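Try each task before you read its solution.

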Amino acid sequence: MTDQFAPPPALGCRTSPVLKQRGQREVFCGLTGIIWLHRKIQDAFFLVVGSRTCAHLLQSAAGVMIFAEPRFGTAILEESDLAGLNDAHAELDRTVQQLLARRPDIRQLFLVGSCPSEVIKLDLSRAAERLTQQFAPSVRVLEYSGSGIETTFTQGEDACLAAMVPVLPHTTARELLVVGALPDVVEDQMLSLLDGLGIGPVRVLPARSIDAEMGIGENTVFALTQPFLSDTHAALERRGARHLAAPFPFGEEGTTAWLAAIAAEFNVSDDRFRAVTEAPRRRARAAIAQASAPLNGKSVFFFPDSQMEVPLARFLTRECAMTAIEVGMPYIHDSIHGPDLDLLPQGPQLSEGQDVDMQLDRCRAARPDLTVCGLGLANPLEAEGLSTKWAIELVFTPVHFYEQAGDLASLFARPLRRKTILNGTSHTQVAAQ
Amino acid sequence: MKLTVWTYEGPPHVGAMRVATGMKGLHYVLHAPQGDTYADLLFTMIERRDHRPPVTYTTFQARDLGSDTASLFKTACQDAYDRFQPEAIIVGASCTAELIQDDPGGLAETMGLPIPVIALELPSYQRKENFGADETFFQIVRHLAKPMEKTTRVSCNIIGPTALGFRHRDDVQEITNLLYELGIEVNVTAPMGATPADIAKMGQAHFNVLLYPETGEQAARHCEKAFDQPYTKVVPIGAGATHDFIAEVRRLSGSTTPIDTDRLRQSWWSRSVDSTYLTGKRVFIFGDGTHVLAAARIARDEMGFDVAGIGCYNREQARAVRALAKEYGLEALITDDYLEVERTIEALQPEMILGTQMERHIGKRLGIPCAVISAPVHVQDFPARYSPQMGFEGANVIFDTWIHPLVMGLEEHLLHMFREDFEFNDAAGPSHHGGHAPAAQAPEKMSLESKMKPEPAPTGEVVWLDTAERELKKIPFFVRGKARRNTESYASQKGLQEISLDTLYEAKAHFAR
């Protein structure tokens, strides 16, 4: 069922040396994940227990402020809360009461730890237990940390999902669990592909509401759709579930390999697999071919950001004919990123963690055709004449599976297309050029 | 603990960043955990700056907490000096670093750097962004500026503009030109655009022009004491305030040079007959104290609006805003609780909001037009065009900005007359806006009703009779809230239990203006 694949490279990146530097990191903390999670899980509220900085981060990182009351908020610690932890717990109870009275539609409440709450050792797990007892059965209270001292950007979703795993009921049913928050339309496409393969019932974590939750047990097998779910991976294994390792479903090749790993587990015949995937594979290849023309032969440099860098580098090098110069990741886990690293041809510098100033020096020296980086770096690099793709858009846009493969290529191609248009027609050039 | 949905101000270290980013040749070493670098995007994305803010974050993680965060700070500080070679460094802690008590100021002092190192104490759990900017700039001036001989020609400093300030870039240009016309040289503009060397010579100026009390008042007071420099108290936002500002500057400088006021079009635009529809429009004003005080004066005296409520989110300006509110016969709303502002606006049902990005959310939810007059603002409030708030051009800009969200005069009349037109109805919004959406072809009357904004539930004990309720719905949305409110208050004044069609029109006659 792997026909029509380009053969894997003779030497992948799985054993390549990894550059590890310590210094300033230009990344978001895990609280940022709340921005998509609060939309994905429709009966949940995310209450950050933190400082004014946390609240400010959430509204700034949301970029476009959301024109409605969001299902997240911050309990801002004040001077008096720092004095005594008992009082802080009492204050938290009062704040939660106030919140739940205002939002009676909320069924799950996540207390989200922050840097300050961790430094003062405010025990949110104790608070969550206490509040669960108080508000059961109408509201379930869980806690996780989205703090910057513990988590980087997308690790916030990981921490949130990992916090849900222990409270899921036990089941002995042989079921497939797909893990990772996907846009609803993409999730539906995925379910329909799996249904076509005759695999079912398929459970999805996070579920859209508490009523749709699933059981976990030793007969559960799970696949990850996001490359940043290492804690959730570990939590599921602790419940006895088994991981189906595979490349991530980005692009035609990644999607096919991801589906193939599941199909093999469920003994789907080659014929059936081909019948289900042939048409969408053809569409995806055509869409990528069309969208990726500006990318062919160009070089790309990844700053560490969303943790999606390795699978995306695999997609860009193997399906869009780009060359990767450096692939930076906040952290690398062999059990999760190994299959993608196997497919990524040797050549690029892999790096884990960051000293942003030294990495900028490398980037400027390499002058890549496209730099994938966070919002803090994008405009300054553009002003130096480098084309950039801000990484946060990759988290906020439907990019998984066959029908989005062309869109994914377009996301990367757009900055290059734009530069060509503006340089072709404008009579005033950017000063930096 | 305070439950917060949106915040008007960031933490105080973001205020310090606004000062550092506005300046040149200054570097900020911030003891902060991973993730606090989000603040860079305020400058690179919202303000579209083409350089990274001059800030080095120590980026400590959980594993560092047990060991040595202090040496992490010193390494970061040394690296920042070696790489960026600044003229001066400011050092401080974000909220988390404040808790671990490493004392960045003391650590930096022991390093023996060959440049001034200024330690900032910004209490994150008590104070906010504006305080952070004001305090940081004050500390920089206190450390670097020294008494000096005054310039031979009369000169002043412009104090207060920062990075990420609402229209600071253009205000500075407008006021610099105005001072130039008055024959006054600008010695130093700070923090925006100034180097530490520039700050050192601030003492040369004869007086200071304080544009933004929120971010510059402490420094202005310090200069008054240390360098015998008086500072201006009038903030030149609006035509009247600009004239007052000119008079004040003349008193401080002795300038008698005439000023050409031909560029001030706002006064005529406001007097032209097309503007009569603005008369008595009820506005609610909210933002930072300085902009609110200015907007209230413009609204009442220069636009002919009726000020229905005012308030500010920064307690530092509470006294001045309360005093002005009293003069207007109002009670000021002093709060940084977004939900409280929303409740107030909902209860007042103004015809327009003059506010911040936050009130734009509220206006959108309640169907009330909103113009932005104050920070916090979003990317669309950093326009490419020249668009000051201050001086004569600022007054022109404000006139245009404030009337833009409104349904214009004749269109307003037509909506009153033919409100069930399927294309041009009040639910479609002002027709000069992009979002104007004609309803589907010949809709059912009910579907048109259902598109309307939700009506606030009738308040109090007074009951609306069906005929009166239906008549009320024939009034376009932008005045319906006012009509409902007026009628109800008329009914309760008269001790009526029910509102009939007659009550509605009696109230209308009673409140006629």
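**Exercise 1. Find the residue of S14(A) that is the bridge partner of Val372(A), then place the strands in their sheet.**

Step 1. Val372(A) has Lys389(A) as its bridge partner in S14(A). Strands here are DSSP runs of E with at least two residues, helices are runs of H or I with at least four, and both are numbered from the N terminus.

Step 2. Now take the strands themselves: S13(A), residues 370-373, pairs with S14(A) in the parallel sense over three bridges. To count as a pair, two strands need at least two DSSP bridges between them.

Step 3. Zoom out to an open sheet of six strands in chain A, with parallel pairing and the order S1-S12-S11-S10-S13-S14. The edges are S1 (18-22) and S14 (388-390) of chain A; each has a single partner strand, so one side of each has no neighbour in the sheet. On average, neighbouring strands of this sheet are turned by 20 degrees against each other, direction ignored.

Before moving on, a word on the model and its labels. It is predicted, so local features need pLDDT of at least 70 and side-chain atom pairs count only at 80 or more, while totals for chains, interfaces and linings use all residues. Residues are numbered from 1 along each chain as its sequence is written, with chains lettered from A and ligands numbered from 1 in the order written.

**Exercise 2. Work out how H10(A) and H11(A) run relative to each other.**

Step 1. Start with the axes: those of H10(A) (residues 251-265) and H11(A) (residues 270-291) come within 9 Å and cross at roughly 165 degrees. Axes are lines fitted to C-alpha atoms, for helices over the stretch in contact, and angles run from 0 to 180 degrees between N-to-C directions.

Step 2. The two helices are therefore roughly antiparallel, a label for angles over 145 degrees.

Step 3. List who touches whom. H10(A) brings Gly251(A), Glu252(A), Thr256(A), Leu259(A) and Ala263(A), and among the H11(A) residues are Phe273(A), Arg281(A) and Ile288(A). Contact means C-beta atoms, placed from the backbone, within 7 Å.

Step 4. Sort the contact residues: five are nonpolar, three polar and three charged. Nonpolar covers Ala, Val, Leu, Ile, Met, Phe, Trp, Tyr, Cys and Pro; charged covers Asp, Glu, Lys and Arg; the others, Gly among them, are polar.

**Exercise 3. Describe the side of chain A that touches chain B.**

Step 1. Count first: 49 residues of chain A are in contact with 47 of chain B.

Step 2. Which element gives the most to this side of chain A? H2(A) does, with eight residues.

Step 3. By type, this side of chain A divides into 25 nonpolar, 14 polar and 10 charged residues.

Step 4. Look for strands that join the chains: S3(A) and S1(B), residues 2-4, pair in the antiparallel sense over three bridges. Within S1(B), Lys2(B) is the bridge partner of Ile76(A).

**Exercise 4. Decide whether Ala318(B) is buried, exposed or partly exposed.**

Step 1. Locate Ala318(B): it lies in H14(B), residues 318-327.

Step 2. Ala318(B) has 16 other C-beta atoms within 10 Å, so it is partly exposed. The cut-offs are 20 or more such atoms for buried, 12 or fewer for exposed, and anything in between for partly exposed, with C-beta atoms placed from the backbone.

Step 3. Leaving aside neighbours within four places in sequence, Ala318(B) is in contact with Cys312(B) and Ile334(B). The C-alpha atoms of Ala318(B) and Ile334(B) are separated by 6.4 Å.

Conventions
Contact = placed C-beta atoms within 7 Å. Parallel < 35°, antiparallel > 145°, perpendicular 65-115°, else oblique.
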